[in-house]
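Open the model in your viewer and keep the selection panel at hand. The tour goes stop by stop.

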Amino acid sequence: MPALIGARGAAALLLSGACVLAVAVPAAADLNDRPPQTKPSGPSDEIGSQVSFTYRSSAKSGKPMAPAGGNWSPPACWFEPKYNPKDFEKELASHNYGGGSAGTDIHNEYFEETDGKYHQGDKGSWYKLVKNPNTSYEEYGSRCRTLRLYEWVGPADPPPPGSPVITPEILAGLAYNHTKLPTPPVKLSPDPGRLKVNLPTKVAFEGGLDRVSVTASINHMGVNLAATTVATPKQLRLEAGTEFADPQTCTYDLVKSGGTYTVDSGDSGCLLTYRKSSGNGTYDLNASITWDVTWNPTAGPDGAPVHDDLPDGETENDIPVTVKEIQSVNR
């Protein structure tokens, strides 16, 4: 089938771009007090999507995971099953496609392609284009504007080349896009308000970090697919926030202990040491966690992982630190 461009592409942008996805943020368990908690969200019917998300995390809260390096973007749009042939005919009629409106050409094309039958009696279903609401209109337009609103997909009728029909890979990208990770639970010694010039700063975690997983799945009209992303904390990086520190950065590999991942910098050979007081202000020490992200084409976090498709994730936190001169008294 030929790709739809021009006025029909604009219609696709107008109809699907006005949608908003509502995804539930999971309630989480107390950190490290119990196993990761799971909370599903229902299909996103308000944008015509049947994709559901299930979150597993033991963290109390989280922030959206940013791709390390920043060179990744989620699926901008995808096709998923929506109508049987009879309902598809009703869908066109409900938009007055064929009733003398601006949608007449769209109606006529599908009518002519199917000899007016809309594939009634055939095995398969009509797929509808869904816009990812986390994608800008500009990116959606550049990646999806030549796509049609609907495509027929059947055993003998594969979608046209380049059509982003829902797959585990697309679901993995959506799961990545909806992953929230805890901020680094960094504990400094001395306390952030009492750091001293020339005194090394040690770092540990208040508790530990556990992996976080999100499953995106669809089970609708004979299509039953799932993909689960798993984010595992692997590295902590500290940046002193000033040139008056030696060294200015330290990186620590995280160690799994007691079921969680933690850090203790005592024997690492790298400790941030401030060489100048922060005066009446503070330095912003930045703590960032790099997360190894894999995915698997199942509805659980323990499936055989695929490593190469998704970038590492990152979460960070700025910690204001006060650095004072060490006072001594000579007698």
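Which hand does the link of Cys250 and Cys270 have, going by the angle about the S-S bond? Select both residues. The link is left-handed, with -90 degrees about the S-S bond.

**Before moving on**

This is a predicted model: local features need pLDDT of at least 70, side-chain atom pairs count only at pLDDT 80 or more, and totals for chains, interfaces and linings use all residues. Residues are numbered from 1 along each chain as its sequence is written, and side-chain values use heavy atoms, with hydrogens and water left out.

**Stop 1: colour by confidence**

pLDDT is the predictor's confidence in each residue, from 0 to 100. The chain averages 84, and 82% of the residues score at least 70. Now select residues 1–35. Here the pLDDT is below 50, yet the stretch has 83 contacts in the model beyond near neighbours in sequence (contact: heavy atoms within 4.5 Å). Where pLDDT is low, the predicted coordinates should not be read in detail.

**Stop 2: Cys250 and Cys270**

Return to the opening pair. The sulfur atoms of Cys250 and Cys270 lie 1.9 Å apart and form a disulfide (a pair of cysteine sulfur atoms within 2.5 Å). The bond links distant parts of the chain, 20 residues apart. Cys250 sits in strand S14 (residues 249–253), and Cys270 in the loop between strand S16 (260–262) and S17. Strands (E, at least two residues) and helices (H or I, at least four) are DSSP runs, numbered from the N terminus. Cys250 is buried, with a relative accessible area of 1%. Buried means under 20% relative accessible area, exposed over 50%, partly exposed in between (1.4 Å probe, protein chains only).

**Stop 3: Cys77 and Cys144**

The structure holds two disulfides. Select the other: Cys77 to Cys144, S to S 2.1 Å. Cys77 is in strand S5 (residues 77–83) and Cys144 in helix H4, 67 residues apart. The torsion about their S-S bond is about -100 degrees, so this disulfide is left-handed. Both Cys77 and Cys144 are buried.

**Stop 4: helix H4**

Select residues 137–144, helix H4. Its buried residues are Tyr140, Gly141 and Cys144. They cover an arc of only 100 degrees around the axis, so they are on the same side of H4; the arc is that of the directions from the helix axis to the C-beta atoms.

**Stop 5: Thr290**

Finish in strand S17 (residues 283–296), at Thr290. Thr290 is buried, with a relative accessible area of 15%. Leaving aside neighbours within four places in sequence, Thr290 contacts Thr232, Pro233, Lys234, Gln235, Asp312, Gly313 and Glu314.
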